[in-house]
Amino acid sequence: MGRLFECYLEGRVYSCKVCKLHLAKVNELVSKSFHCRHGKAYLFNEVVNIKTGPKEERILTTGHHTVADIYCNKCLHVVGWKYEEALEKSQKYKEGKFILERAKLTDGDSGS
C-alpha cells in the first residue's frame, strides 16, 4: 500500500466534515447555485485530497452528464462528484469541474 499524501491549503478552505481534511480553497468556488440529494452543493474549479470513482451516466436536473463520485482521501466518505462530460452544449462549462455537497463540508480559516 502506498503512502497517503495530504495537501494542506492556506487561507480560507472548505474541509471534509468527517475528518477535517482540506478539500478546496474558497477562491476556487465557481457557484453556490447547485443542489444535490442532501441539499445545497457548490461548484469548484479545483479540489484536492480526493479519490475519483468510476465514471457513470446520470440524469441530473440540468440534463444528461457523465460524472464520477469523489471521495475524501482520508476517511473515504463521498463528498461530491466530478463532471467528466456534459452532453448538452449549454452545460459544457461544467466539464472538469467538481461539485462538493455543502452538508459534507465545514469551512473556516486553515490557521484555526
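Residues are numbered from 1 along each chain as its sequence is written, and side-chain values rest on heavy atoms, with hydrogens and water left out. Because the model is predicted, local features need pLDDT of at least 70 and side-chain atom pairs count only at pLDDT 80 or more, whereas totals for chains, interfaces and linings use all residues.

Six strands form an open sheet in the order β3-β4-β8-β7-β6-β5, with antiparallel pairing; strands here are DSSP runs of E of at least two residues, numbered from the N terminus, while helices are runs of H or I of at least four, and two strands pair if DSSP finds at least two bridges between them. In general, strands of a sheet pair through backbone hydrogen bonds, either parallel or antiparallel. The edge strands are β3 (29–36) and β5, each of which pairs on one side only, and the twist from one strand to the next averages 30°, the axes being lines fitted to C-alpha atoms (for helices over the stretch in contact) and the angles running from 0 to 180 degrees between N-to-C directions.

Strand β8 (residues 98–101) is joined to strand β4 (residues 39–44) by four bridges, the two running antiparallel, and Leu43 has Ile99 as its bridge partner in β8. Strand β7 (residues 78–86) also pairs with β8 in the antiparallel sense, over three bridges, and here Phe98 in β8 is the bridge partner of Lys82. From β8, Phe98 and Leu100 point one way and Ile99 and Glu101 the other way, and all are buried, where buried means under 20% relative accessible area, exposed over 50%, and partly exposed in between (1.4 Å probe, protein chains only).

When residues up to four places away in sequence are not counted, the contacts of Phe44 (heavy atoms within 4.5 Å) include Tyr14, Ala24, Leu29, Val30, Phe98 and Leu100. Val13, found in strand β1, counts as buried at 2% relative accessibility, and its C-alpha atom is separated by 9.8 Å from that of Leu105, 92 residues apart along the chain.

Aromatic rings of Phe, Tyr and Trp (its six-membered ring) pair if their centres lie within 6.5 Å, planes under 30 degrees apart counting as stacked, over 60 as edge-to-face and the rest as tilted; by this rule the count comes to three pairs. The rings of Tyr14 and Tyr42 have centres 5.8 Å apart and planes at 75°, so this pair is edge-to-face, and it links distant parts of the chain, with Tyr14 in strand β1 and Tyr42 in strand β4, 28 residues apart. Tyr14 is buried at 3% relative accessibility, and Tyr42 is buried with a relative accessible area of 7%. The rings of Trp81 and Tyr83, with centres 6.2 Å apart and planes at 75°, are likewise edge-to-face; Trp81 is buried with a relative accessible area of 8%, and Tyr83 is buried with 3%. Ring pairs also link Tyr14, Tyr42 and Phe44 into a cluster.

Six salt bridges are present in the structure, each being a side-chain nitrogen of Lys or Arg within 4 Å of a carboxyl oxygen of Asp or Glu. Asp69 forms one of them with Arg58, the closest N and O atoms being 2.6 Å apart; Asp69 lies in strand β6 (residues 63–72) and Arg58 in strand β5 (residues 50–60), so the pair ties together parts that are eleven residues apart in sequence. Both Asp69 and Arg58 are buried. In the salt bridge of Lys92 with Glu95, the closest N and O atoms are 3.3 Å apart, and Lys92 is partly exposed with a relative accessible area of 37%, as is Glu95 with 30%. The side chains of Asp107 and Arg102 meet in a further salt bridge (2.8 Å, N to O), in which Asp107 is partly exposed at 34% relative accessibility and Arg102 is partly exposed with a relative accessible area of 23%. Salt bridges that share partners join Arg12, Arg102 and Asp107 into one network.
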